[in-house]
Structures are given as structure tokens and as C-alpha cells.
Amino acid sequence: MVSTESSYTRWETLKDEEITVSDVQDTLAFANDDLWVAAACVDRFVSDEVIQRSLIELGINRTSTAVERCKEVLLSSRAPGSSDAVNEPKELLSAYFADTPEDAQLCHIRTALLARLDKLNSFAEIYRELLAKKRDEEDNLGIDEEWEDDPWKEEGEASIIAHAASPVQPPVPLQDFLTEDILDMACFYASQECFDAVRTLLTYHRSCLWPYRFAILESIPCHSNPSDYRDFLPTYDAATDKELASPLHRWRTEEDWVESAEVQAALSQIKLPVEFEALHPSSVNAASQELQLLTAQQLTTWYQTRVDQIISSTGMLDMALSLVQHGGSLGILDLDELGEDLSLMTRLVYDIPRAWAQDDEDWTLVRWRNMEPSQVVGAYLAHSTTDTVAKDISRLIMPYLFVLESRSERAGRPDPDLPDRLLHNYVLGAPLDIVAAIIEASKRTLLPPQRVIKNDEDVARLALACLYGSNSITEWMTMSRIFECLPAWEIDKSPEDEADEADATIASLGEFVTPSTAHPQCGPTDLFFFFKPLPVTSLSRALDILDVHLESGEIFARWNVPAPLRWFLQSAGNVTEQRAWANRMARRTGAAADKLREMEDWELLLDDMLKLCGKNESGVPSAFGLLTGEEVSSIFFSGLLSSGRFDIAKDLIHSKHGKLTLEASKIEDLCLAASREFYDNASSANYKVGDMKLAYECLDVPAPSQQLTKERDFIEATSRLSSFNIMSRPGIPILPIEIRLTKDRLSLISRVLSSNADAYKHTQVMLDLLHKLGFRDDVVAEVKTFAMVSDAALQAEDFTRAFDTNQKMIDVVFKLRSAIASSGSDDQRLREASEVCWLSCFQLGRHPDFPNVEQKLTLMGRALELCPADKLNDILIPWRRMEQEDLDVRKERLADHSPRPKPAATKPVSSLQSRLNNLHVPTTPLLNAEDAAALAGRAFSRVASNFPFRVSGRERSESREGQTRSGSRDESHRRLDGEDVSQQASRVLQRGIGWLLGADDES
């Protein structure tokens, strides 16, 4: 046995981690001072539970004597005759503790040790639960490993893995657990999801923790599963209409005497040393928490707030829903609607995996409640496919619609059509493949519970609205799938009634879908309202129309000219639109990559086009119902020609069993039209290449005719014109379309002659070109052509070719004259040809540079012969002058043969003007006018101005003549030897001399 003094000394030298049970029993227990021993026990915190328990028990034991003394004081005060019998126990104890502070301190220490003992018991219970949980986990691990059969696993490895578990460490060391406030420990365990420990603390420390139960619940992470902490969730008591208080459990069955209210009240009035204040630390700042039981509404609010926290912080709707479900099971009121929303939201988030991943905005209750029902339906089915949409509607949409209907009934606003309306609106806005899947899941052959849409009429209305409201021109297989699932009603009607009803239905539908300013485009929703009031008979007729339109649409798509279904309604009464689409179909617009190569392909196209005209057996008109078979055949043949497959066109015309039944005149007209179309679109005028070649070859398809020959000649003429490099604008060759649009085609020949210096040498080529331009039997045009060639030769000063050309022109005119003379009629052509001819002869004959006087006289004679009577005198003077010149030349030639000396001087012949002056003719302004030659030249210019050409050399010759006019006139006057001046003057006076001086022209 150690001494008392050594016990004190030894204990004080021991550290907390060095204390053992024997130290407590052999050293501390033998100390005589109860206060010192109790203080030593309460001062020490060790990590071993057994040692700590021995310390606490020793300290409690050494405070028992003080408790007994206090009890004796109370008993003595209650004895008969005692003066303190009237005092309260609290006052007596306060007085006693004031007189005996040592016992007050011991009671205070005892209170702390009892509370520490309760906490130690709770720690032990928590540790036992951890050990049990660890053993369960190891047992489960061993069971799982028994089923693993790994032949490569080394022996003994399994046992090592199974038994190598690390020892269980408590979440909080014992020292910290005992020193920290019990509320802090409860909140810490709650934050670490140690719900067994929280349950233990709330069970055995209810008096301390109950006022702060919601602070502990708030410490639980929002992602924790409410099932794990269901035991300490607030519960509703229907009997009291308040929160249900949890039962009270204690580690000690009876309360110690020092824990009574009187003793604690007395101790609280005693001022103890500062060291004792640490034995009872104040609770965490939670004193403001409400200690009362919550009302039903407060409980509901707490659950709703907790749900909002879970969703906003974690987005885990399943945890929020689990909390609401547990709250409902605990009797919390008004959570039904919240539970419905959460249940529907969890379906949206968790049953559609892609919805959460692809959504930029988090799903919250606020967002959910702000959404319209149609938006919710769209969100549910946003990621549905054709394979899943029917199942998604059954498992997602139908429960949601049922909830909406139930809520409207609970709100006193029943709306039985709400589910159908929302489902129909989704179908009307869905793609056609989704619509097809829904219609297939609504067939009449399915059992009613299996059908998505159970009303046959609604199925038909939705299908009609979606098909006619769609803009798709490619999903014909999908449209056919929809049609095959539609109901069929047996309705007996006469053929006349059927036809009338079909026409009326189509007309009304066509008018409804036609765009207007109020409705630019008619969508599926609008069409559904149109079909909504229609009875079964009208719906049946609409389905018959849909059948025909689908067939027509498939034919259009087959030939690469697809049209939306609404087009068939809009064009039902528009023959222009039908004709335009038939042309488009025949010409295969946009089908350059899929040209028809064989005759069989074109026959199939003709069969389909003929199939589209007329009406079917039910009286429903097809796509080309307003076109006749002949018109459709003509459009087809025109399209065939436009493709350039003239060999197939010929085969179709001459085929014995062909379906192309067109008259020869119609075929000729179509070929001419196609040829002209090629011609007009040609970029090159060469008929050996490009569109011009097609235009030329197209004329070989029908039987030969005069009209075809004429058109062929015109194409050849166009090609010939292009070879002469005629320009439309500087540097830009003339296009075929410009040649066709030229009003005066003779101007083309003029342009050839003016743009090609040697073109006049090829008179026959010019005549051939004239004939091919459409003037084959036009004598006037031929004469004008000769005149243009002669003028071009004259400009080139090729007088020989000019004279030869004039001779040919004269022959043509005289031939025309003889032909007309034999008929005895007056012809405008002769007058026009004669005028052109005499002017051309006169122009060449009077040219001063033309050396052959004999030919010039011949031309002037022809001009005199062909000119009008009022122009004779205008031609006579130059003709006589040339005749006198010819005589002079001959005389000189004869004189050269008989030589004789010339007279020294020859008296010059006076000019006409000088002779007229000698006659004393009255002065007149006309005496200074031009001579008849100039007058005739200007007259020819006026006539030639009507030609389609420019006489470019004319001005040059006239200007040259003007330079020598006075000299030549004087010389010619000197040569007038055979005519008396007086006789000439007399004749001039008789005619008024105006014709000679050009007065007529001046007027």
C-alpha cells in the first residue's frame, strides 16, 4: 500500500495516456481527500473506455459522502421542532452549500461525472453499433467471395482479403467525444451521415437535444437518403394536431439526487471557482430554437423547405421524393401535390436518361410549376423515338394527364377533355415518323387498353390533319404507313352522291388550305379544327380522297417532281396549276442525274401521267383531273422532245402498240414548238452543236412538211449568218434569239454585206441566205438583195460585179413584169421592185468613176424604162450627157484612124447657164439649184433609206461628184454639139427649168 502523500505525487506526475486501471485503483483510490480525488477523476480524459469508466465511477463514489451529508441536513431540517422546517429545500441547500463549499463542489463534480458517464455509455453504444456493422459487411463480403471461382487466384489469398480488414476506428476519439458539447457531436455525426450515432444521442440525450432537433436535421447532407434517417424525422400527431414528441429514454433508470431541480437550483446560486465553470460548458448558440412542438402547418412548411434545399443544392429529385414519401407516411399533411410533382419530375429526369444530360437548365420545382402542360408533354417525349414513343406515352404521359385531370376535379373545374386535347396537340406538332408510330399503336385491331388513341374518328382526324398539314415531300412510305392504319367505315351511297360529296369535300378543303393574308399557311392544328366537326361519312370520303392523293404523290416522287399533299387540294380546281405540274413532270425538272435512258422508261412515265388524269371509280379526281388524256399526252411528248431523245420520240410515234395517240398535225406543232424552244435557248448559232443541233434534229421527228422545211431553212440561215461573224454588240456575237426577234430580216443580209468586205462577190450565197430566211418566193426581197449586193460592189468600186448584179436584178424585174402582164392585173410588188431596180441602175449608171460608158448607158436606159413617168426628165439629162460623151469618144476614136491636123484652137462650147443668161431669162433662185443628177441621187437616197441597209459609199461618191460637179457640167455643156441652144432654152422654159435645177427636190 502506498502512502497518501506518495499517491498525490504519483498521480500528478502521470500523463493521461499513461494512466491504467491499476493506477486508478491502487493510487488514486487510496487518497483520503474526497474533493481532491473527485477533482482528479473529473479532470482526466483518456482514450480507453475501461479506464475512463473506472475514473468516472471512482469520482462518483467519492462524492457519495457529500451527498449523504446534504441529505442529512434536509432530513434534520424536517424533524419535529426544528426551526428550519418551514424553509424550502432549495433555501436550506443554498445555505448549507454557502456554509460548506466543499460539499457544494463535490455535488457539482458529481453532476458533471454523471453526465460524463451517460456520454460514455452513448459512446460505447455507438462503438458497438460500428463493430456490428463492420462484422455484417465482412460476413457479406465472405458470402460474395464464396461464389467467386477464380482458378488463377493463389491459395490463401482469399482468406487474407477476407480477414485483413482494418480495426474499427470511431468517428470521434473518446476524449473529444467527452469534452465536446453533446449538440455539437450530434450535428457532427449528422453531417457525416452516422445516423446510428445520431439515433443513439437523440434517444439517450433527449432532454439536451430535443430543443435542437431541427438544427441536427439541417446538418444532414441534402444528398443523404431520407430512409436512413427516417427514425428521427418529425412526425405528425393527429390526436393533438401537432408534432409527435419522441419518448424519453435514459441510461440510468432513476435520476440521481444531485440532478434534481432543487439541488441544481441551489448549486446555481453558489459562486464556485473558475475551474468548475468548465465542467458545464454552455450549449452551442441554439438557445433561440423553438422548444415547443410544431403545428401541422409548420411541419408541412419544414418538409417543403427541406425539399427545395435538396433540389436546389443537389438536384436529386429521388431524394426529395423519398423525403416527401416518408413525410406522408409520418402523417404530414398537404404533401400530396408536392409528391405528385416530384414523382412526375423524377419520371422526366430518371426515366429519360438523355433529358438531364442535354438540358442546360436544372429541373426545379419552380421551373416545373411554371411550365404549361403542353410543354411538359413535349419535354417527356422530346427524346422519344419511333420505337419508344408509344410506350413513353403510356408510362409517362398518361400518368401526368391523369394527375392533371384529378387536380382539375379537386379544384372544382372538371375538364374531361384535357387529356385528349393535350395528347392531340402533341401529335399535331410531331414529325410524321412519330405520328406514324402513334397511329400504329392506335389501330382498331388492338385491344382498347393497348391503344394510345382509342377513338377511331379522332385517329382519322389526326391523320388527315397531320398529312395535309405537312410540308414533307420525301416521307411517302411513312405517309402510307399512316394511311394503312386508319379505320375503314362501311357506308352505302350511290355513285352520284359519292362524286358530288367528293367534289364538295375537295373544294372546301382546297379553299381552306389555300394561303391568305389572314392565314399564310394552314398547319395541322388548323386542319384538325376543320375536320373536328365532320361526321363519319365525311371522314370516310376524306380518307378516299387521301388514298388518291397519296398514290398521286408517290407517282410525283417517283419522277422527281414531289409535291406536298396540300398541293393536291389547292390545285384540285386550278387547271393552270395542274398543267404546269404536268409540264414539270414531263420535263423532269431537277432530274439531270437520273435521265430516262430507254423507251420503256418513257412509256412508264406516260402510263403514270395518263393515270393521273381523270377520276377513279369512287369519283375522286386525281392530280391531273382537269386535263384530258390528249393534253397530258401532248405535254408528255413535249417533255420527251425537250430531253433531246428524238430516237425514242420516233419510236413512240411509229409504235403499233404505243399508248401515244396524237394526230400528225399535233405532233408537228409540238416538234415545231420544241425546236423553237431549243433555238431560242441556244447560246451558239452553229446548228452542228448544242441546242441549235437539237433544234435542227427535232424537225426530223414528224413527217416532212412545208412548215418544217421552212423552219429548217431558217435554222440553216441562222447558222450561216453566224459564220459571217455578225456582232450584236462590239465583241459579242449575235445570238439566235436576236436573229428570230429581228423584225426586218433583210437587214441581216445588209449587216453581212457591211461587215464582210468580200461578201458581195458571193451573190448566190446571199440569195440562198435570203431564201432560207423566209423569202424564197418573195421577188421584191430578191430585188432588194440584188440592190444591196450591187451597192456593196459599188462601194468596193467593183463596177463589173455591180453591173452583172444589176443585170440579174433587171432580169428578175422583167420576168415579174411579163408574169404580171400575162395575168392582166396590177401588182404592188412590181411597182416596188421596179422602183428599187431603176434607182439601183441609176445610181450605178451615173457614178463618175464607172469607166464603161456603154454599160452606163445601158443602165440609164433601164432606169428610163422602169422609172415612173414623172422621173423621166430627171434621168434624160444625165443620159444624154453620157450619150454625148459616148459620141465624143467614138469621134475621137475615128479621128485617130484618119490623121489630120487639129485646129489651133477650138471654140469652147458655152455652158448652159451662160446661154440662159443670154436669153435674158428672169432671175430666179432656182438657177443656183442642183442639177438633175444630184436630184436623182437624192431621190435614190430616199428610196434606199427604206432598204434594210446603209449605202455607205454613197456619200463618198456624191462628195467626190460634188467636188467635180462644176467642171464636169461645163465640160458636158461644151459637148452638146448636136442641139441648138435656143431650142434647149425653149424646152427649159416650157418645163419651167425646175426639174433641171432641182427645184422639185427643194420643195
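The model is a predicted one, so to speak: local features need pLDDT of at least 70, side-chain atom pairs count only at pLDDT 80 or more, and totals for chains, interfaces and linings use all residues. Residues are numbered from 1 along each chain as its sequence is written, and side-chain values use heavy atoms, with hydrogens and water left out.

Start with the cores. A nonpolar core is a set of buried Ala, Val, Leu, Ile, Met, Phe, Trp, Tyr and Cys residues joined through side-chain atoms within 4.5 Å, where buried means under 20% relative accessible area (1.4 Å probe, protein chains only). The largest one has 261 residues, and Y380, F531, F556 and F637 have the most contacts inside it. Helix α7 (residues 101-146) gives the most to this core, eleven residues; helices here are DSSP runs of H or I, at least four residues, numbered from the N terminus. Another core, of 13 residues, lies apart from it, with L14 and V24 among them.

Now the helix pairs. The axes of α20 (residues 373-380) and α21 (residues 389-410) come within 10 Å and cross at roughly 160 degrees; axes are lines fitted to C-alpha atoms over the stretch in contact, with angles from 0 to 180 degrees between N-to-C directions. The two helices are therefore roughly antiparallel, a label for angles over 145 degrees. In α20, P373, V376, V377 and Y380 meet L396, I397, Y400, L401 and L404 in α21, contact meaning heavy atoms within 4.5 Å.

Helices α15 (residues 296-314) and α16 (residues 317-329) have axes that come within 8 Å and cross at roughly 165 degrees, and they are therefore roughly antiparallel too.

Notes. Buried < 20%, exposed > 50% of the residue type's maximum accessible area, 1.4 Å probe, protein only. Parallel < 35°, antiparallel > 145°, perpendicular 65-115°, else oblique.
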